[in-house]
Amino acid sequence: MPDQWPRYEVFKQARAGEPHRNVGSVHAPDAEIALLNARDVFARRPSCLSLWVVPAGDILMWNVVEPPPQATPGAVRTWAVCAKRSQRQGMTFVDFVGMVEATSAARALHLAPGAFDMPDALIWWVIPESSIVRSEPEDVPGYAAATGKLFRLPNQYHTVFTMQKIRRGDEGDE
């Protein structure tokens, strides 16, 4: 749609040693706002060590059912490679698996299965390394700020009871 901001895919690293994992997308006018939106949407409560945002249009995706795209010559660039290894409901994420050097996105896709020894991967994504906008290490304390907030279930708010009291006219009776 022409009246929407561009879409950015969001990758989150929850803990040190875990991969950056695609957790969803946000719309924003630019990458800086996308990173802020990603923080608000994906890092409010669960743990978050790092966030990346990538313009969705910069990602070349390939599922192994279709033939891979034709590689075109170009300058050698660094490509971030991501893979999805399972269709199980709890394992539907596309994880960052590493970097490859290639002359095009299609060539990077051709190299990825062998470079990362993942013959079982179902989906591959390649992203120009230069398209990744990363959070800074000093942003991490801001991500953790919401972890101390008390989470309340809806039944902990006595709204219905309070509204009944107001309707009866006894809101001053305590």
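The following paragraphs lead the reader through selected parts of this structure.

The model is predicted, so that local features need pLDDT of at least 70 and side-chain atom pairs count only at pLDDT 80 or more, while totals for chains, interfaces and linings use all residues. Residues are numbered from 1 along each chain as its sequence is written, and side-chain values use heavy atoms, with hydrogens and water left out.

The account begins with Gln-4, which is located in the segment before strand E1 (7-13). Helices (H or I, at least four residues) and strands (E, at least two) are DSSP runs, numbered from the N terminus. Gln-4 has a relative accessible area of 43% and is partly exposed; buried means under 20% relative accessible area, exposed over 50%, and partly exposed in between (1.4 Å probe, protein chains only). Between Gln-4 and His-27 there are 7.6 Å in space, C-alpha to C-alpha, and 23 residues in sequence.

Strand E7 comprises residues 123-128, and five of its six residues are buried.

Ser-131 counts as buried because its relative accessibility is 11%. With neighbours within four places in sequence left aside, Ser-131 is in contact (heavy atoms within 4.5 Å) with Val-53, Val-54, Pro-55 and Asp-58.

Strand E6 (residues 95-102) includes Asp-95, a residue that counts as buried because its relative accessibility is 18%. The side chain of Asp-95 makes a polar contact of 2.7 Å with the side chain of Arg-21. A polar contact is a pair of N or O atoms within 3.5 Å; within protein, one must be able to donate a hydrogen and the other to accept it, and residues adjacent in sequence count only if both atoms are side-chain atoms. Apart from neighbours within four places in sequence, the residues in contact with Asp-95 include Pro-19, His-20, Val-81 and Cys-82.

Finally, Ala-115 belongs to helix H2 (residues 105-115) and is partly exposed, at 48% relative accessibility. Ala-115 and Val-81 lie 9.8 Å apart in space, C-alpha to C-alpha, and 34 residues apart in sequence.
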